[in-house]
Amino acid sequence: MPRHAADRFALTTLAAAALSVAASPLWAQDTATTTPDQPADTVESIVVTGTRASLAKSLELKRNASRVQDSISATELGRFPDDNVADSLSHITGVAISRTAGGEGLKVSVRGLGPGYSLVTLNNRILATDDAGRDFAFDVLPADVIGGADVVKSAQASLTEGAIGGLVNLRSAHPFDEPGRHALVRAETDYNTMSRLSGNKLSAVYSDTFADNTMGLLIGAVLAHRKVRTDNAGYTYFRGIDLNGDGTMSDADLDLAGTCCMTFGSIMEDKKRTAVSAAFEWRPSPDMKMVLDGLYTRLDSPQVGYNQAYFPNWVDGRWSDMQVTNGVVTAMTVKDLVPEIANITTDRVVDTTQFGWNGSWQATPDLVLTGDAYQSTSTRLGGGKDTYVVAQLAGHTTGYWANTGQMLPHIRVQLEDGRDLATALAAGQLGDANFGPHYVGLHGDDVHDTINGASAGGRWAIDSGIFDQLHFGWAGTDRTKKRDYFENDFTNGSVQYSGSESTTFASMGAHVAQRSFTLPNFMPGAGSGFPTSFVAFDVPAYLDALKKLDGQPNPNGGVFDYRKTLPVLNPVQSYRVKEKTDAAYLQLDLAGEQWSGDVGVRLVHTRTQSSSAYNQIISITPPPPNDPTGAYFVEYSPAVPIDVGGSYTKALPAANFLYHLNKTLQMRLGVAETIARPSVDQLAPTRTDGASWGADVIWISGDPHLKPYTAWQQDLSLEWYYAPKSALNGAVFAKQIKNFITATAEENVDIGVPGHLFTIVSPINGDKATVLGFELGWQHLMDNGFGIRAQYTYNKTRSWVDGELVGELEGVAPASSSLGLIYEKGPVSLNLSADYTSPYTVTSGTELGVPSKAKAVTWVTAQAAYEFTGGFKLTLEGRNLTNAQERTDLGRRDLPYSYNAYGRSFTLGASLKF
């Protein structure tokens with residue numbers, strides 16, 4: 001559905017829903033809903049369970065919150081609404097998610113602003129992450145250990161700072177959430193129709209309160225094993241083609257675009273997850289409460305990618321029979337379109353922990369004191385364990401290329417002996433006698449993220465006139481993030497075998513090409529007419545074969561030396577960042593007969609210390625003539641350490657106001673100044689370059705002097721709780737952002753390398769950006785078991801850099817919506833959800849100088865459950881039922897950019913409550 005049509009559809013749906021409610025008898029049922037000043041005995045008692053209870057509790061949390069907030073709660077002990085926390089959050093108004101291998105929710109965006117504008121906490125404590133920056137990856141966290149989540153969209157002085165889009169606070173379950181003894185055991189198995197791969201999960205939770213209800217203990221555990229497949233593709237482009245071959249580049253030739261490189265294939269992930277959570281709560285007296293809680297998760301998800309890569313990059317005399325459409329070469333015959341077959345492995349084992357203590361004490365009738373201390377860690381030890389090995393076909397080939405307007409072009413490659421590549425691969429006719437060594441990349445990083453946090457505060461009841469109570473306190477965090485990157489690119493060890501493709505594995509006496517295979521249902525909807533078979537390599541045998549070349553002449557000069565192939569620490573891409581933050585706050589709560597509010601300020605002081613290293617490119621040597629797609633040899637100077645510090649202090653005022661227009665209608669106002677800190681890796685002075693591949697580009701990844709984003713934001717919302725457990729709400733919001741981080745490019749820079757001028761791409765603080773948007777939300781639960789929830793969010797962004805309007809903010813979806821239908825009565829529960837994200841700009845700068853655009857995506861899930869007597873329940877779930885794929889292009893169908901397909905997944909589960 002086109003973007004504008006989809007937006008109109010979402011608005012029309014919600015408008016119709018609102019009119020249908022207004023016309024129904026439920027309009028007059030305001031006596032069935034409570035307000036803070038309404039006696040509880042006037043409430044009509046309707047008992048709900050499962051999904052309906054979860055929705056009702058979430059709505060109650062929203063209604064009683066002192067700020068603009070949406071929530072989601074577990075449907076029962078140890079059971080979140082979806083298998084992934086991020087997937088559940090995508091049902092919340094204003095929330096959209098990105099996905100990882102297998103289609104699982106990975107990161108969260110709030111009100112269109114990307115993950116870098118948000119903050120994720122667990123029990124109000126910042127979670128460490130193995131991500132290079134601050135973005136929390138939800139795939140490390142099984143949903144079974146979460147009891148609820150709040151998405152806070154306005155700000156309060158007493159809340160942790162660091163979010164402009166929204167603060168996502170996850171809540172773990174505690175024993176006094178449901179007093180008494182409870183237990184649940186659940187087993188699941190799943191199957192994906194695209195990949196034909198399956199998985200299973202076992203989870204259990206036990207909760208008990210004892211010692212005259214003064215103590216409670218909750219323990220949960222999860223064991224999951226899931227095999228997933230993701231089909232993907234990606235492109236890069238270039239400009240400048242001598243179309244008529246006259247040796248002269250006209251202005252039109254310089255502007256002519258063509259495909260540089262294209263890769264497609266599939267990622268296989270063997271995902272294992274283990275998690276244990278526990279909470280012990282002690283209430284020694286009515287005035288005191290203490291909680292000890294902890295979480296440990298391990299994600300062990302090794303990946304193997306099987307790829308084909310094509311480098312049709314134009315050089316004089318290589319292309320013929322060219323066809324041009326609107327300034328792009330869309331079809332041509334390519335001399336020596338040599339396919340590369342790559343096997344890519346990623347070793348990702350992530351250990352994440354959070355342990356903490358929290359206490360509160362009613363010191364006097366008017367004074368409550370609180371304290372909290374915690375540590376969160378995330379560790380991934382993958383240094384040098386990842387491989388990117390490429391084998392190249394021996395002999396000369398001829399390629400025929402034609403863009404189709406779909407994700408993949410028609411590709412036909414004729415081998416030197418006249419055979420067709422796709423046919424030979426599918427028949428298993430290509431092996432060690434046809435492939436030889438090419439690129440051998442060995443890399444990977446070790447990441448350690450440690451966060452120590454503590455807070456102390458209190459709440460003093462004033463209860464005088466409009467003054468209700470005063471919140472005061474201090475909070476501090478000490479974060480250290482280390483990344484050690486190991487690789488063999490910068491030593492040229494990965495490319496020393498390029499140019500020796502006439503040497504085959506068979507001639508080396510090695511058995512490397514184990515088998516060829518064709519994947520079922522490969523690249524759905526991506527096009528047709530391309531090779532769809534792959535070759536699996538024995539990587540250890542590949543490396544053993546390279547050792548046998550030691551001492552032999554290298555066509556690129558010198559002799560082969562396997563020791564150079566081994567990965568070593570690259571100090572230029574490694575970093576240490578230490579960040580210490582202290583915050584003090586005062587917040588005064590106010591209240592009147594029909595209103596309440598708060599006003600306060602949070603004073604934040606942050607100190608950073610960043611260290612890395614810098615080296616200089618000394619010389620660049622092009623590949624030999626017989627290796628037109630090979631790598632350049634680059635000589636670097638020794639690395640010199642860099643250590644830079646910085647600090648900043650911010651005063652962040654905030655005010656919120658809630659007015660009860662009547663018993664069912666309330667209005668909220670919120671105004672605040674907020675900040676979002678630069679990503680941790682953006683504070684590290686690391687860099688990479690494209691010299692190994694002939695690109696005179698240096699990418700500077702970080703700058704310790706980058707300022708935090710700041711924003712003034714305003715919220716106005718109206719909430720109508722027109723019936724029990726039902727509501728219609730709308731909100732408008734605005735943000736004026738300063739110092740958002742973007743990239744700038746300085747061209748033709750002489751860094752002292754003979755014959756080369758470089759483009760330097762580096763991060764900078766942009767001038768300003770504005771966000772203006774609105775939200776609509778509706779939830780309606782009927783007594784007959786049916787229910788509906790719907791939400792729509794729209795925002796418009798603009799950004800300025802160096803005084804010029806540059807367009808939309810990157811990574812901001814202008815619109816998102818969600819529609820859910822439920823039926824739950826007696827033992828039967830049914831749930832259908834559709835979550836929509838509109839097209840948006842992924843990045844404003846690409847190699848063609850035009851933005852890359854993401855296509856709209858609608859993700860559909862469904863659940864059906866039946867609960868038997870005795871607490872036994874069977875559940876069937878389906879995810880991505882429409883078989884949606886994620887796609888980006890450069891604004892034209894014939895300029896595709898990226899593609900991901902996950903397939904449909906189904907899960908059968910059985911649970912037993914005790």
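Two strands count as paired if DSSP finds at least two bridges between them, and strands themselves are DSSP E runs of at least two residues, while helices are H or I runs of at least four, all numbered from the N terminus. With that in hand, here's a quick tour of a predicted model, in which local features need pLDDT of at least 70, side-chain atom pairs count only at pLDDT 80 or more, and totals for chains, interfaces and linings use all residues. Residues are numbered from 1 along each chain as its sequence is written, and side-chain values use heavy atoms, with hydrogens and water left out.

**The sheet with β1 and β6**
- β1 and strand β6 (residues 148–152) run antiparallel, joined by 5 bridges.
- Within that pair, D70 has V151 of β6 as its bridge partner.
- Both strands belong to an open sheet of 5 strands, ordered β1-β6-β7-β4-β5, with mixed pairing.
- β1 (69–73) and β5 (125–126) sit at the edges with a single partner strand each, so one side of each has no neighbour in the sheet.

- α2 covers residues 50–64, 15 residues in total, and spans 21 Å from first C-alpha to last; that is close to the expected 21 Å, where the expectation is 1.5 Å times one less than the number of residues.
- The helix lies across β1, β6 and β7 (166–171), at about 155° to β1. Contact here means heavy atoms within 4.5 Å, and the angle, on a scale from 0 to 180 degrees, is taken between N-to-C directions of axes fitted to C-alpha atoms, for helices over the stretch in contact.

**The disulfide**
- The count is 1 disulfide, meaning a pair of cysteine sulfur atoms within 2.5 Å.
- C260 and C261 make the bond, S to S 2.4 Å.
- C260 counts as buried because its relative accessibility is 14%, and C261 is buried too, at 18%.

**Around β47**
- Strand β46 (residues 857–867) and strand β47 (residues 872–879) run antiparallel, with 7 bridges between them; Y866 stands opposite L874 of β47.

Technical notes: Buried < 20%, exposed > 50% of the residue type's maximum accessible area, 1.4 Å probe, protein only.
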